Amino acid sequence: MKKITNKKQILLLTAMCIAAYLVSYLTRKNFNAVLAEFTVAEGVEKSAASIITVSLFIFYGVGQLLSGYLGDKFSPRKILTSGLLLTTAVNIIMPFLGTNVTVMAVFWGINGIAQAFMWPPMVKIMTSRFTADTYKTAVVRVTLGSAAGTMLIYAVAALFIKFTGNWKTVFYFAAACGLVMAVLWELIVAKIEKNADMYGEEIIQESLPAKSDTKKDTKFNPFTMSPIIIIMIAIVLQGMLRDGVESWMPSYLSEGYGIETSGAILSSVALPILTMVCVKVTSMIYNRFFTNELSCSAVLFLAGTVSSLILWITHGMNAPIAIALVALTASAMHGVNLILIGMIPQKYEKYGNVSFIAGLINFCTYVGSAIFTYGMAKIAEMWDWKVTIFSWVIISLVGTLLCLVTIKSWKKFKER
């Protein structure tokens, strides 16, 4: 595919990717945003309600593999459009399912598949249409869209629950956003791609494998050619903390500090705000001080270890401090997500499997999400929140160690 070099077209495509990713979070995080209210209003136990969220993570993770494969074979634009339309339909249906956890889990699992049809095709579009430097800038901005979407849906959920007393209205809002985005995405991005094919430029890689070694070097086997398996494990740990902490932050604040559910949900807006700051800071630090993605990720995991350790020590003392530390822990994991999920796939572009790698490693994120969203609920029910927080310390520490031991092997892979 031809690369886009026109600045206006680059900005427009970047804006569309940001908007689409933002809307994907509105239609995905809305149940997490109302989770605390849902359990209280409907009398559903935390571990039972978590099954609904876990269902999305499981199907989202598996769907990443399918989406990654399809994104390399078919039009990534159309795959993303289909995902937006499907998530819109599910969000319309969810409020009519009552409180049957099993049925809700099935439909929210379908939403997971819909959501999976967004990130790998989007990465494919950006790597195909942007130069390497433009991609680095764009992927940071798109990641900020996810934080903005999280902030918006938590704020909307708090306001809707406060003034309507009904968590179901949040789903109608998300569905409306999904439908509008699907129409705009298909119309505008199709036009951008047409212009790129007509007026774009062919960018030749500066270094290509020698002719005699081309077949050997381009035969794709990520499991022997790079330390991808260890990276995948680190990504699982990142997913455990990022989504586990985000899902249960309102419940933690409500039960641990006596904050009413609407107030706890609104307090959670601090999390995506800090995430946006963390992503920008991570991008600046990465571009200025790091040439190795695993070195940068180790620092971020260490930051999560320190913040969760301080939270464990100060548990129950002060609500504002707790909010800040929880947000910092989750934000550090968003930084890891930017580096490992956003930057790693680009390194495989020469093998023609960018979408597959993006789907594969994002699959690992949601393996972790599924494990710990349910696991955190069970730990909190069986023991208490202090024990739960200590588990965050262990997870982030292991993530730090995994990244440290992978630095050299990842450097060798990139040099190769």
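Reader: How do the residues of the lining of the second largest pocket divide into nonpolar, polar and charged?

Author: The model is predicted, so local features need pLDDT of at least 70 and side-chain atom pairs pLDDT 80 or more, while totals for chains, interfaces and linings use all residues. Residues are numbered from 1 along each chain, and side-chain values use heavy atoms, without hydrogens and water. The lining has 12 nonpolar residues, one polar and no charged. Ala, Val, Leu, Ile, Met, Phe, Trp, Tyr, Cys and Pro count as nonpolar, Asp, Glu, Lys and Arg as charged, and the others, including Gly, as polar.

Reader: Which residues lie nearest the centre of the second largest pocket, and which element gives the most to its lining?

Author: Of the 13 lining residues, C278, V281, T282, I285 and L300 lie nearest the centre. The element that gives the most is α12, with six residues; α12 (270-289), α13 (293-313) and α14 (319-343) each supply at least two. The space in this pocket is about 170 Å³.

Reader: What makes a space a cavity and not a pocket?

Author: On a 1 Å grid over the protein atoms alone, a 1.4 Å probe fits in a cavity but cannot get out, whereas a pocket is an open set with protein on both sides within 12 Å along at least five of seven lines; lining residues have an atom within 4 Å of a point. One cavity of 30 Å³ or more is counted here. The largest cavity holds about 40 Å³, and R28, K29, N32, T53, L56, F57 and W108 line it. Two or more of its lining residues come from each of α1 (7-42) and α2 (46-73).

Reader: Why is the pair of F31 and W108 called tilted?

Author: Rings of Phe, Tyr and Trp (its six-membered ring) pair if their centres lie within 6.5 Å; planes under 30 degrees apart are stacked, over 60 edge-to-face and the rest tilted. The ring centres of F31 and W108 are 6.2 Å apart and their planes stand at 55°, so the pair is tilted. F31 lies in helix α1 and W108 in helix α4 (residues 101-116), 77 residues apart.

Reader: How do you know that α1 bends at L35?

Author: The bend is the angle between axes fitted to the seven residues ending at a residue and the seven starting there. At L35 this angle is about 55°.

Conventions
Grid points are joined across faces, edges and corners, and a volume is the space filled by probe spheres set on the points. Helices (H or I, at least four residues) and strands (E, at least two) are DSSP runs, numbered from the N terminus.
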